[in-house]
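Reader: I am new to this structure and would be glad of a close look at a single part, taken slowly and in connected sentences.

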Amino acid sequence: KNYLNSSSLTANQTGLAETYSEIPPSPRGQEKSVAILKQEILLGMTKSDVGQSWGPPLRIDVAGNPSYENERWVYYENQRYKYIYFEEGQVRGWRME
């Protein structure tokens, strides 16, 4: 599954890519627009795209040098934490606790 919908997750569900070769190219145009309207997150989305889809995160954790844009965005909804992982400013995976 290459998308994440905040209402469709189950406990401990993840969407972390095993290797870079599994990551599809950045979503473009209509695909991205539809995902944002449906409040879905797609692999390859930018931080701006995620902000438009889910709004601002509860917390942003930065890994290493901030210029590399390797971040974990934390959301909390329905008594569950949701984590979106960014590498070089693009979604590379997610998980939920």
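Does glutamine 79 count as buried or exposed, and at what relative accessibility?

Author: Residues are numbered from 1 along each chain as its sequence is written, and the model is predicted, so that local features need pLDDT of at least 70, side-chain atom pairs count only at pLDDT 80 or more, and totals for chains, interfaces and linings use all residues. Side-chain values use heavy atoms, with hydrogens and water left out.

Glutamine 79 counts as exposed, at 72% relative accessibility, where exposed means over 50% relative accessible area, buried under 20% and partly exposed in between, with a 1.4 Å probe and protein chains only. Glutamine 79 sits in the loop between β4 and β5, strands being DSSP runs of E of at least two residues and helices runs of H or I of at least four, numbered from the N terminus. Although glutamine 79 is not a glycine, its phi is positive, at about 60 degrees.

Glutamate 69, too, is not a glycine and has a positive phi, of about 55 degrees; this residue lies in the loop between β3 (59-62) and β4, and is partly exposed, with a relative accessible area of 31%.

The strands on either side of the loop of glutamine 79, β4 (71-77) and β5 (80-87), each supply at least two residues to the largest nonpolar core, which has 14 residues. Such a core is a set of buried Ala, Val, Leu, Ile, Met, Phe, Trp, Tyr and Cys residues joined through side-chain atoms within 4.5 Å. Among those with the most contacts inside this core are Ile84 and Val91.
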